[in-house]
Amino acid sequence: MSTDFPDLPPLKDVIREHGLLAKKSLGQNFLMNPSVTDYIAGSAGDLTKGTVVEVGPGPGGLTRSLLRAGANNLVALEKDERCVNALHQLSLAFPNRLTVLEQDALTFDYSSLGDSPVIIVANLPYNVATTLLIGWLKLIADKALPIQSMTLMFQREVGQRITASPGSKSYGRLSVLCQWLCDTYSVCELPPSAFTPPPKVHSTVVGFKPLAEPRFNTTLKSLETVTAAAFGQRRKMLRQSLKKLDVELETLLAEAQIAGTRRPEELSIQEFGQLASTYESLAV
Ligand code: SAM
(Lines give C-alpha, C1' and ligand atoms only; values in the text may rest on other atoms or scores of the structure.)
Protein backbone atom coordinates (compact mmCIF):
# COMPACT_ATOMS: atom_id res chain seq x y z
CA MET A 1 0.00 0.00 0.00
CA SER A 2 1.41 3.42 -0.95
CA THR A 3 1.70 6.15 1.60
CA ASP A 4 0.38 9.61 0.88
CA PHE A 5 2.32 12.80 1.71
CA PRO A 6 2.22 12.91 5.54
CA ASP A 7 2.14 16.73 5.73
CA LEU A 8 -0.87 17.09 3.46
CA PRO A 9 -4.49 16.52 4.48
CA PRO A 10 -6.13 13.33 3.18
CA LEU A 11 -7.97 13.84 -0.12
CA LYS A 12 -11.36 13.27 1.51
CA ASP A 13 -10.65 16.26 3.81
CA VAL A 14 -9.66 18.40 0.80
CA ILE A 15 -12.93 17.47 -0.88
CA ARG A 16 -14.96 18.24 2.24
CA GLU A 17 -13.21 21.53 3.06
CA HIS A 18 -13.63 22.87 -0.48
CA GLY A 19 -17.14 21.53 -1.00
CA LEU A 20 -16.07 19.57 -4.08
CA LEU A 21 -19.43 18.01 -4.77
CA ALA A 22 -18.73 16.23 -8.07
CA LYS A 23 -20.15 18.01 -11.13
CA LYS A 24 -21.39 15.65 -13.85
CA SER A 25 -21.08 18.39 -16.47
CA LEU A 26 -17.30 18.42 -15.83
CA GLY A 27 -16.95 14.63 -15.88
CA GLN A 28 -15.84 14.60 -12.25
CA ASN A 29 -15.10 11.06 -11.04
CA PHE A 30 -12.22 11.26 -8.60
CA LEU A 31 -9.52 8.68 -7.85
CA MET A 32 -9.00 8.49 -4.10
CA ASN A 33 -6.74 5.45 -3.69
CA PRO A 34 -3.01 6.36 -3.82
CA SER A 35 -2.08 2.80 -4.89
CA VAL A 36 -4.15 3.28 -8.05
CA THR A 37 -2.85 6.75 -8.86
CA ASP A 38 0.75 5.69 -8.09
CA TYR A 39 0.35 2.81 -10.55
CA ILE A 40 -0.89 5.17 -13.28
CA ALA A 41 1.89 7.70 -12.62
CA GLY A 42 4.47 4.88 -12.55
CA SER A 43 3.31 3.61 -15.94
CA ALA A 44 3.98 7.00 -17.58
CA GLY A 45 7.76 6.47 -17.67
CA ASP A 46 10.46 8.88 -16.53
CA LEU A 47 8.75 12.05 -15.29
CA THR A 48 11.87 13.79 -14.06
CA LYS A 49 12.70 15.42 -17.41
CA GLY A 50 10.49 17.54 -19.63
CA THR A 51 7.09 18.99 -18.84
CA VAL A 52 4.39 16.79 -17.37
CA VAL A 53 0.89 18.05 -18.19
CA GLU A 54 -2.07 16.81 -16.17
CA VAL A 55 -5.51 17.67 -17.47
CA GLY A 56 -8.16 17.98 -14.79
CA PRO A 57 -6.28 17.45 -11.50
CA GLY A 58 -9.53 17.74 -9.50
CA PRO A 59 -8.73 17.41 -5.77
CA GLY A 60 -5.20 16.25 -6.68
CA GLY A 61 -4.91 12.49 -6.10
CA LEU A 62 -3.12 11.76 -9.39
CA THR A 63 -1.26 15.07 -9.05
CA ARG A 64 0.25 13.90 -5.76
CA SER A 65 1.29 10.62 -7.39
CA LEU A 66 2.93 12.42 -10.32
CA LEU A 67 4.95 14.50 -7.84
CA ARG A 68 5.80 11.38 -5.86
CA ALA A 69 6.97 9.72 -9.10
CA GLY A 70 9.45 12.58 -9.60
CA ALA A 71 7.71 15.09 -11.90
CA ASN A 72 9.90 18.20 -11.72
CA ASN A 73 7.87 20.48 -13.93
CA LEU A 74 4.20 19.60 -13.60
CA VAL A 75 1.58 21.85 -15.20
CA ALA A 76 -2.00 21.05 -14.16
CA LEU A 77 -4.86 22.47 -16.26
CA GLU A 78 -8.16 22.66 -14.41
CA LYS A 79 -11.41 24.27 -15.52
CA ASP A 80 -13.19 24.14 -12.15
CA GLU A 81 -12.26 27.11 -9.96
CA ARG A 82 -13.19 25.13 -6.81
CA CYS A 83 -10.54 22.49 -7.66
CA VAL A 84 -7.95 25.18 -8.47
CA ASN A 85 -8.50 26.61 -4.97
CA ALA A 86 -8.36 23.14 -3.43
CA LEU A 87 -4.93 22.58 -5.06
CA HIS A 88 -3.46 25.75 -3.57
CA GLN A 89 -1.96 23.94 -0.59
CA LEU A 90 -0.28 21.37 -2.88
CA SER A 91 1.23 24.16 -5.05
CA LEU A 92 2.61 25.80 -1.91
CA ALA A 93 4.19 22.50 -0.86
CA PHE A 94 5.87 22.13 -4.30
CA PRO A 95 6.47 25.77 -5.39
CA ASN A 96 9.04 25.01 -8.09
CA ARG A 97 7.57 21.76 -9.34
CA LEU A 98 3.81 22.31 -9.64
CA THR A 99 1.93 25.03 -11.53
CA VAL A 100 -1.86 24.92 -11.41
CA LEU A 101 -3.56 26.91 -14.17
CA GLU A 102 -7.28 27.66 -14.27
CA GLN A 103 -7.70 26.74 -17.94
CA ASP A 104 -9.97 24.90 -20.31
CA ALA A 105 -7.78 22.13 -21.75
CA LEU A 106 -9.80 22.28 -24.99
CA THR A 107 -8.73 25.85 -25.75
CA PHE A 108 -5.38 26.00 -23.89
CA ASP A 109 -2.43 27.20 -26.00
CA TYR A 110 -0.09 24.20 -25.67
CA SER A 111 2.68 26.04 -27.54
CA SER A 112 3.04 28.20 -24.40
CA LEU A 113 4.60 25.17 -22.67
CA GLY A 114 7.93 25.74 -24.48
CA ASP A 115 10.16 23.30 -26.36
CA SER A 116 10.84 20.57 -23.84
CA PRO A 117 9.29 17.12 -24.31
CA VAL A 118 5.73 16.91 -23.04
CA ILE A 119 4.30 13.97 -21.12
CA ILE A 120 0.51 14.10 -20.79
CA VAL A 121 -1.09 12.12 -17.97
CA ALA A 122 -4.78 12.40 -17.13
CA ASN A 123 -7.87 10.82 -15.73
CA LEU A 124 -9.86 12.53 -18.46
CA PRO A 125 -13.34 14.02 -18.15
CA TYR A 126 -15.17 11.50 -20.38
CA ASN A 127 -17.51 14.04 -21.98
CA VAL A 128 -14.59 15.74 -23.78
CA ALA A 129 -12.00 12.91 -23.78
CA THR A 130 -12.01 12.08 -27.50
CA THR A 131 -12.14 15.76 -28.50
CA LEU A 132 -9.06 16.38 -26.35
CA LEU A 133 -7.35 13.31 -27.82
CA ILE A 134 -7.99 14.36 -31.43
CA GLY A 135 -6.61 17.83 -30.58
CA TRP A 136 -3.38 16.28 -29.25
CA LEU A 137 -3.14 13.96 -32.28
CA LYS A 138 -3.34 17.05 -34.47
CA LEU A 139 -0.47 18.66 -32.53
CA ILE A 140 1.57 15.44 -33.04
CA ALA A 141 0.70 15.27 -36.77
CA ASP A 142 1.63 18.94 -37.27
CA LYS A 143 4.80 18.51 -35.18
CA ALA A 144 3.50 21.49 -33.20
CA LEU A 145 4.25 20.02 -29.76
CA PRO A 146 6.97 17.49 -28.83
CA ILE A 147 4.67 15.00 -27.10
CA GLN A 148 6.83 12.17 -25.74
CA SER A 149 4.02 10.06 -24.31
CA MET A 150 0.40 10.19 -23.19
CA THR A 151 -1.13 8.07 -20.43
CA LEU A 152 -4.87 8.66 -20.44
CA MET A 153 -7.96 7.25 -18.74
CA PHE A 154 -10.97 6.64 -20.99
CA GLN A 155 -14.18 4.74 -20.64
CA ARG A 156 -13.41 1.11 -21.50
CA GLU A 157 -15.12 1.03 -24.91
CA VAL A 158 -13.16 4.08 -26.09
CA GLY A 159 -9.90 2.52 -24.85
CA GLN A 160 -10.73 -0.67 -26.76
CA ARG A 161 -11.34 1.33 -29.94
CA ILE A 162 -8.01 3.14 -29.60
CA THR A 163 -5.94 -0.06 -29.30
CA ALA A 164 -8.02 -2.34 -31.57
CA SER A 165 -6.49 -4.36 -34.41
CA PRO A 166 -8.05 -4.85 -37.88
CA GLY A 167 -10.74 -7.51 -37.88
CA SER A 168 -11.94 -6.85 -34.34
CA LYS A 169 -15.33 -5.34 -33.60
CA SER A 170 -13.79 -2.32 -31.85
CA TYR A 171 -11.57 -1.46 -34.86
CA GLY A 172 -12.66 1.86 -36.31
CA ARG A 173 -11.87 5.46 -37.04
CA LEU A 174 -10.21 6.12 -33.67
CA SER A 175 -7.95 3.04 -34.02
CA VAL A 176 -6.69 4.26 -37.40
CA LEU A 177 -6.19 7.90 -36.36
CA CYS A 178 -4.28 6.95 -33.18
CA GLN A 179 -2.21 4.11 -34.60
CA TRP A 180 -1.22 6.19 -37.64
CA LEU A 181 0.83 8.37 -35.28
CA CYS A 182 1.44 6.32 -32.11
CA ASP A 183 2.05 2.91 -30.66
CA THR A 184 -0.90 2.37 -28.33
CA TYR A 185 -1.33 -0.15 -25.50
CA SER A 186 -3.64 -0.87 -22.62
CA VAL A 187 -2.10 -0.08 -19.20
CA CYS A 188 -4.88 -1.26 -16.85
CA GLU A 189 -8.62 -1.50 -16.40
CA LEU A 190 -10.56 -0.06 -13.49
CA PRO A 191 -14.08 -0.87 -12.27
CA PRO A 192 -16.57 1.92 -11.45
CA SER A 193 -15.88 1.36 -7.72
CA ALA A 194 -12.35 2.77 -8.15
CA PHE A 195 -13.86 6.27 -8.52
CA THR A 196 -15.78 8.67 -6.29
CA PRO A 197 -18.55 8.98 -7.32
CA PRO A 198 -18.53 5.76 -9.38
CA PRO A 199 -19.27 6.32 -13.09
CA LYS A 200 -21.75 4.06 -14.91
CA VAL A 201 -19.00 2.56 -17.08
CA HIS A 202 -15.75 0.63 -16.67
CA SER A 203 -12.53 2.49 -17.44
CA THR A 204 -9.20 1.82 -19.15
CA VAL A 205 -5.88 3.60 -19.00
CA VAL A 206 -4.27 3.73 -22.45
CA GLY A 207 -0.63 4.49 -23.19
CA PHE A 208 0.45 6.33 -26.35
CA LYS A 209 4.02 6.56 -27.66
CA PRO A 210 4.16 8.90 -30.67
CA LEU A 211 6.33 7.49 -33.49
CA ALA A 212 9.34 9.45 -34.73
CA GLU A 213 7.48 9.66 -38.08
CA PRO A 214 3.85 8.79 -38.88
CA ARG A 215 3.34 5.28 -40.35
CA PHE A 216 2.57 6.87 -43.75
CA ASN A 217 2.43 10.24 -45.37
CA THR A 218 -0.98 11.91 -45.30
CA THR A 219 -2.88 14.52 -43.31
CA LEU A 220 -5.13 14.06 -40.30
CA LYS A 221 -7.91 15.77 -42.26
CA SER A 222 -7.78 13.29 -45.18
CA LEU A 223 -7.54 10.32 -42.85
CA GLU A 224 -10.52 11.63 -40.85
CA THR A 225 -12.55 12.11 -44.05
CA VAL A 226 -11.79 8.65 -45.45
CA THR A 227 -12.28 6.77 -42.16
CA ALA A 228 -15.51 8.68 -41.38
CA ALA A 229 -16.94 7.65 -44.77
CA ALA A 230 -15.75 4.03 -44.52
CA PHE A 231 -16.76 3.33 -40.91
CA GLY A 232 -19.92 5.50 -41.17
CA GLN A 233 -21.42 2.45 -42.93
CA ARG A 234 -19.19 -0.24 -41.49
CA ARG A 235 -21.20 -3.22 -42.73
CA LYS A 236 -21.19 -1.98 -46.32
CA MET A 237 -18.52 -2.68 -48.93
CA LEU A 238 -16.12 0.20 -49.59
CA ARG A 239 -17.51 0.70 -53.11
CA GLN A 240 -20.77 1.72 -51.42
CA SER A 241 -19.56 3.61 -48.33
CA LEU A 242 -16.88 5.65 -50.12
CA LYS A 243 -19.37 6.95 -52.72
CA LYS A 244 -20.00 9.99 -50.54
CA LEU A 245 -16.39 11.20 -51.01
CA ASP A 246 -16.05 14.03 -53.52
CA VAL A 247 -13.69 12.09 -55.85
CA GLU A 248 -14.16 9.57 -58.64
CA LEU A 249 -14.68 6.31 -56.75
CA GLU A 250 -13.19 3.79 -59.20
CA THR A 251 -10.06 5.92 -59.66
CA LEU A 252 -9.65 6.22 -55.88
CA LEU A 253 -9.91 2.46 -55.33
CA ALA A 254 -7.69 1.57 -58.32
CA GLU A 255 -4.93 4.02 -57.44
CA ALA A 256 -5.02 3.04 -53.76
CA GLN A 257 -5.01 -0.64 -54.85
CA ILE A 258 -7.94 -1.49 -52.60
CA ALA A 259 -10.74 -3.81 -53.80
CA GLY A 260 -14.16 -2.14 -53.56
CA THR A 261 -15.67 -5.39 -52.29
CA ARG A 262 -13.76 -5.16 -49.00
CA ARG A 263 -15.27 -3.89 -45.75
CA PRO A 264 -13.59 -1.22 -43.62
CA GLU A 265 -12.70 -3.44 -40.65
CA GLU A 266 -10.59 -5.63 -42.98
CA LEU A 267 -8.25 -2.80 -43.98
CA SER A 268 -4.90 -2.41 -42.22
CA ILE A 269 -3.73 0.97 -40.92
CA GLN A 270 -1.33 1.03 -43.90
CA GLU A 271 -4.17 0.46 -46.37
CA PHE A 272 -6.14 3.34 -44.87
CA GLY A 273 -2.97 5.37 -45.44
CA GLN A 274 -3.03 4.42 -49.13
CA LEU A 275 -6.68 5.44 -49.36
CA ALA A 276 -6.14 8.75 -47.54
CA SER A 277 -3.09 9.82 -49.53
CA THR A 278 -4.76 8.86 -52.85
CA TYR A 279 -7.91 10.73 -51.78
CA GLU A 280 -5.77 13.76 -50.98
CA SER A 281 -4.10 13.73 -54.42
CA LEU A 282 -7.47 13.38 -56.20
CA ALA A 283 -9.43 15.89 -54.09
CA VAL A 284 -7.26 18.91 -55.00
N1 SAM B 1 -7.50 13.94 -11.79
C2 SAM B 1 -8.58 13.85 -10.83
C3 SAM B 1 -8.65 12.44 -10.30
O4 SAM B 1 -8.14 11.53 -10.98
O5 SAM B 1 -9.22 12.25 -9.24
C6 SAM B 1 -9.91 14.28 -11.43
C7 SAM B 1 -10.32 13.58 -12.71
S8 SAM B 1 -12.00 13.92 -13.20
C9 SAM B 1 -12.34 12.45 -14.13
C10 SAM B 1 -11.83 15.11 -14.52
C11 SAM B 1 -11.31 16.47 -14.12
O12 SAM B 1 -11.21 17.28 -15.30
C13 SAM B 1 -12.19 17.24 -13.16
O14 SAM B 1 -11.41 17.80 -12.14
C15 SAM B 1 -12.81 18.37 -14.01
O16 SAM B 1 -13.11 19.53 -13.29
C17 SAM B 1 -11.73 18.59 -15.03
N18 SAM B 1 -12.18 19.13 -16.32
C19 SAM B 1 -13.34 18.88 -16.97
N20 SAM B 1 -13.36 19.50 -18.17
C21 SAM B 1 -12.18 20.16 -18.28
C22 SAM B 1 -11.60 20.98 -19.28
N23 SAM B 1 -12.24 21.25 -20.44
N24 SAM B 1 -10.36 21.50 -19.06
C25 SAM B 1 -9.70 21.23 -17.91
N26 SAM B 1 -10.20 20.47 -16.92
C27 SAM B 1 -11.41 19.92 -17.10
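The legends below describe a predicted model.

Figure 1. The C-alpha trace spans about 70 × 40 × 30 Å along its principal axes. Of the 284 residues, 50% count as buried. Among contacts with a separation of 6 or more, 70% come from residues 24 or more positions apart.

**Figure 2. Charges of the protein, 28 positive and 28 negative.** The mean position of the positive charges and that of the negative charges are 7 Å apart.

**Figure 3. Strand β2, residues 51-55.** Why is this strand described as largely enclosed by the rest of the structure? Five of its five residues are buried, so the rest of the structure largely encloses β2. Here, buried means under 20% relative accessible area. In a regular strand, side chains alternate between the two faces of the sheet. On one side of β2 are Thr51, Val53 and Val55, and on the other are Val52 and Glu54; these residues are all buried, and both faces are covered.

**Figure 4. The partners of β2, strands β5 and β3.** Strand β5 (residues 118-123) pairs with β2 in the parallel sense over four bridges. Within β5, Val118 is the bridge partner of Thr51. Strand β3 (residues 74-78) also pairs with β2 in the parallel sense, over four bridges. In this pairing, Leu77 of β3 stands opposite Val55.

**Figure 5. Strand β9, residues 203-210.** Is this strand mostly covered or mostly uncovered? Strand β9 is mostly covered, with seven of its eight residues buried.

**Figure 6. The partners of β9, strands β6 and β7.** Strand β6 (residues 147-155) and β9 pair in the antiparallel sense over six bridges. Leu152 has Val206 in β9 as its bridge partner. Strand β7 (residues 182-190) and β9 also pair in the antiparallel sense, over eight bridges. Here Pro210 in β9 stands opposite Cys182.

Technical notes. Residues are numbered from 1 along each chain as its sequence is written. This is a predicted model: local features need pLDDT of at least 70, side-chain atom pairs count only at pLDDT 80 or more; totals for chains, interfaces and linings use all residues. Side-chain values use heavy atoms; hydrogens and water are left out. Buried means under 20% relative accessible area, exposed over 50%, partly exposed in between (1.4 Å probe, protein chains only). Contact means heavy atoms within 4.5 Å. Lys and Arg count as positive and Asp and Glu as negative; His and the chain ends are not counted. The place of a charge is taken as NZ of Lys, CZ of Arg, CG of Asp or CD of Glu. Helices (H or I, at least four residues) and strands (E, at least two) are DSSP runs, numbered from the N terminus. Two strands pair if DSSP finds at least two bridges between them.
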